[in-house]
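Morning, everyone. I have one structure to walk through today. Please have a look at it on the screen before I start.

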Amino acid sequence: MRVFIADHGSDVVDYLKQIVEDLGYIAVGCTDNTAFTEMLSRDIYDLVILDWNIRTADNMSLLEWMNKTLPARPPVIMMANRSAKRDISDALNSGADDYITKPESRNVIAARVNALLRGNAVGGAFDTEVTYGAYKMNRLEQSVTIHEETVILTAKEFELAEMVFRNSDRTLSRNYIMKTIWRTTATLATRTLDMHISRVRAKLALRPENGFRIFTVFGYGYRLESQ
């Protein structure tokens, strides 16, 4: 999972990135609103940690932009040096999912991040088994069962299959897939990604008659569409 961190202080961004990465997630940061809107428009994130005042903008306007612009807005943790009840209620009423008053301990921030990512997980993303239509995925065995037939996948194939099912009807960019699964950029191994998509499509028989189909979004990435 990927967490986007926006704060006017680069030291705060670095501090929060370390907390997120220690939890095993990918962290991306920025310190101004122009980069904020550009990066959120270009890539997909599972959580946003947003400072109340990020250079030349306030989080209320950025929250409004996210609500109007992003097709699937990620949950937002708002952070600020403000502890007044009115400020907290304004932030939550504007769409924030949680509010942290600065300064806060590393353990509390980590717990809040984990809680939101787990609560926002689609289809029981932290369970041993999860079902998507006719497909049942077993994380311990890295297998998928469809119509009582079990298919064994490689580690990367399973991780890719789980990602597209968890984000069904959502277009995933090549950058997002490569950074999340291969920890690299799309330009380095596009053939690897295409090959894995092809294998997952074939092994899992991702066809309309089975309830799902996966297709290429030209120049951008892939999309698993439920039928």
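Which residues does L204 touch, not counting residues up to four places away in sequence? Here is the list: Y135, V144, I146, V151, L153, A161 and F165. One caution before going on: this is a predicted model.

Let's see where L204 sits. The largest nonpolar core has 30 residues. L204 is among those with the most contacts inside it, along with F165, I177 and L206. Which elements give two or more residues to this core? From the strands, we have β8, β9, β10, β13 (212–217) and β14 (221–226). From the helices, we have α6, α7 (174–182) and α8 (190–203). α6 gives the most, with six residues. In general terms, nonpolar side chains tend to be buried together in soluble globular proteins.

Four strands make an open sheet, ordered β8-β9-β10-β11, with antiparallel pairing. Why is one side of β8 (129–132) and of β11 (149–152) left without a neighbour in the sheet? Both stand at the edges, so each has a single partner strand. On average, neighbouring strands here are turned by 25° against each other, direction ignored.

Look at one pair in detail. β10 covers residues 143–146, and four bridges join β10 to β11. These two run antiparallel. I146 has E149 of β11 as its bridge partner. I146 is also one of the residues that L204 touches.

What packs on this sheet? Helix α6, residues 155–166. α6 touches β8, β9 (135–138) and β10. The direction of α6 makes about 130° with that of β9.

α7 and α8 meet at an angle of about 90°, and their axes are 11 Å apart. So α7 is roughly perpendicular to α8. On the α7 side, the contact is made by R174, I177, M178 and W182. On the α8 side, T190, T192, L193, D194 and H196 make the contact.

Finally, the whole protein. It has eight helices and 14 strands. Of its 227 residues, 48% are buried. Take the contacts with a separation of 6 or more: residues 24 or more positions apart account for 54% of them. The accessible surface is about 11,000 Å², and 49% of that belongs to carbon and sulfur atoms.

That's my tour. Over to you.

Definitions and conventions. Residues numbered from 1 in each chain as written. Predicted model: local features only at pLDDT ≥ 70, side-chain atom pairs only at ≥ 80, totals over all residues. Heavy atoms only, no water. Pairing = 2+ DSSP bridges. Axes fitted to C-alpha atoms, helices over the stretch in contact; angles between N-to-C directions. Contact = heavy atoms within 4.5 Å. Buried < 20%, exposed > 50% of the residue type's maximum accessible area, 1.4 Å probe, protein only. Areas by Shrake-Rupley, 256 points an atom, 1.4 Å probe, with all protein chains shown as cover. Core = buried A, V, L, I, M, F, W, Y, C linked by side-chain atoms within 4.5 Å. Parallel < 35°, antiparallel > 145°, perpendicular 65-115°, else oblique.
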